[in-house]
Structures are given as structure tokens and as C-alpha cells.
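Colleague: I have this model open and would like to go through it with you. Could you take my questions as they come?

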Amino acid sequence: AGKNQDAAAVFTPLQIDSSGGYGVVLRYQDANNYYLAYRQTGGSSFLRISKFVNGVETVIGSASLPNPVYNVPFRLSGSVSDNTLTLSFNGQQRLSVTDATFASGPPGLFLSTRFTAKPDRADDFLAHLYSGSILPPTPPVVSLTASPSSITSGQSSTITWSSTNATSCAASNGWTGAKAVSGTQSVSPTV
């Protein structure tokens, strides 16, 4: 299980002098064997992809990054597809490495801090397991036109819309309810 996977979370440092690690575990085997995509903070601040084999860390990719700001959340995600591991920070890919040490295993969450009185936060953890290659979802695109495009109160206009990569459509602001993903509708707004 878990050959190809991604995992992400939103982390919030809650100490001004936050020294810790925030990340996601990929292809977990046991407490001593797994991949870790993470952000280390404190005296040194960086992003890393590491593998832990028999409890020993080997860094396979690293990039510098300024220390986080107190109480400002950031999103960190990691993915593995075949033998390629990636780490993204706030939606932008920052590291990509290749390693074949672990072939499968579930994802998880990693949070390490030296302060216990006020622990840091991890929210919105999300993980996906795939049987095939990881492909990013294709966002929906909508096209919307009105004919005529300009009317006065009480006149009618025909709204035409079409979409790709959408499975549902909902209208709002006076034109409400579930709609087909493509269609037309006559409207007669009044002020």
C-alpha cells in the first residue's frame, strides 16, 4: 500500500524562539525507516528531504529558508511518485530528489519542538495514496457570457456558460441553485 502518495499540513509556530521540525512522513516502514520531507527551524533554517534507515538520517535534498514568523501559518507538502520525492512550501515546489530505498508504506505527520508548554500547531493534514503515477488535479475552467451584455432593469439577457473539468455547478447572487456544467438561461434582473 502507498506506493505513490502525497501528504500536506498547515503548520503554525507558536513560540517567538521556535526551534523545531515540521513535516510529513512518506513511505513509513517503522519508527526507524521512512522518508521525511520537512522544515527545520532555529539556529539553522532549511527545507529537507531525508531518509531514515535503521534510525540514521541521510539528507538527500536540502534548500535554505528563513526562519518562520511567530503565529504565521505555512503549508508544507511532500509527495513520492515511483522513485521521485518532492517537497513544496506554500504551494511552490522547492525540492525534487530521486531515491529507491523504500518502495511503499503509508504517509504521516511530523512535528518536533523543544518547547512543551506551548506546542506548535499542525492543521489540515491531508494524505492521498495512488495506485498509478501522481498527477496533479486539473482545475475547472468556466466560460461565461451574456447576450446582450448590457441591459437596463427589467430587460432580459441570455446567460451562456460552459466548463471543462467540472462535475457540478452552482449559481448565486440572485441567480441561484444547482445548474448543469454547461447551459443557457434567460434572466431579467430588476433593481
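Colleague: Where does Tyr-70 lie?

Modeller: Tyr-70 lies in the loop between strand E5 (56-64) and strand E6 (74-81), where strands are DSSP runs of at least two residues (E), numbered from the N terminus. This is a predicted model, in which local features need pLDDT of at least 70, side-chain atom pairs count only at pLDDT 80 or more, and totals for chains, interfaces and linings use all residues. Residues are numbered from 1 along each chain as its sequence is written, and side-chain values use heavy atoms, with hydrogens and water left out.

Colleague: And is Tyr-70 buried, exposed or partly exposed?

Modeller: Tyr-70 is partly exposed, with a relative accessible area of 38%; buried means under 20%, exposed over 50%, and partly exposed in between, with a 1.4 Å probe and protein chains only.

Colleague: Which residues make the nonpolar surface patch?

Modeller: Val-69, Tyr-70 and Val-72 make a nonpolar surface patch of about 260 Å², by a rule that takes residues with over 30% relative accessible area and no salt bridge and joins nonpolar side chains (Val, Leu, Ile, Met, Phe, Trp, Tyr) within 5 Å.

Colleague: Changing topic, how many salt bridges are there?

Modeller: The count comes to 2 salt bridges, each being a side-chain nitrogen of Lys or Arg within 4 Å of a carboxyl oxygen of Asp or Glu. In one of them Lys-51 pairs with Asp-99, with the closest N and O atoms 3.1 Å apart.

Colleague: What does that pair tie together?

Modeller: Lys-51 lies in strand E4 (residues 46-53) and Asp-99 in the loop between strand E8 (92-98) and strand E9 (108-113), so the pair ties together parts that are 48 residues apart in sequence. Both Lys-51 and Asp-99 are buried.

Colleague: What about Glu-57 and Arg-48?

Modeller: Their side chains meet in a salt bridge at 4.0 Å, N to O. Glu-57 is partly exposed at 31% relative accessibility, and Arg-48 is also partly exposed, at 21%.

Colleague: Now the largest pocket: which residues lie nearest its centre?

Modeller: Of the 16 residues that line the largest pocket, Asp-6, Ser-77, Gly-78, Ser-79 and Ser-88 lie nearest its centre. A pocket here is an open set of points on a 1 Å grid where a 1.4 Å probe fits, with protein on both sides within 12 Å along at least five of seven lines, and lining residues have an atom within 4 Å of a point.

Colleague: Which element gives the largest share of that lining?

Modeller: E6 does, with 6 residues.

Definitions and conventions:
Patches are made of residues with over 30% relative accessible area and no salt bridge: like charges are joined within 9 Å, nonpolar side chains (Val, Leu, Ile, Met, Phe, Trp, Tyr) within 5 Å. Accessible areas come from the Shrake-Rupley method with a 1.4 Å probe; for residues, only the protein chains shown count as cover. Helices (H or I, at least four residues) and strands (E, at least two) are DSSP runs, numbered from the N terminus.
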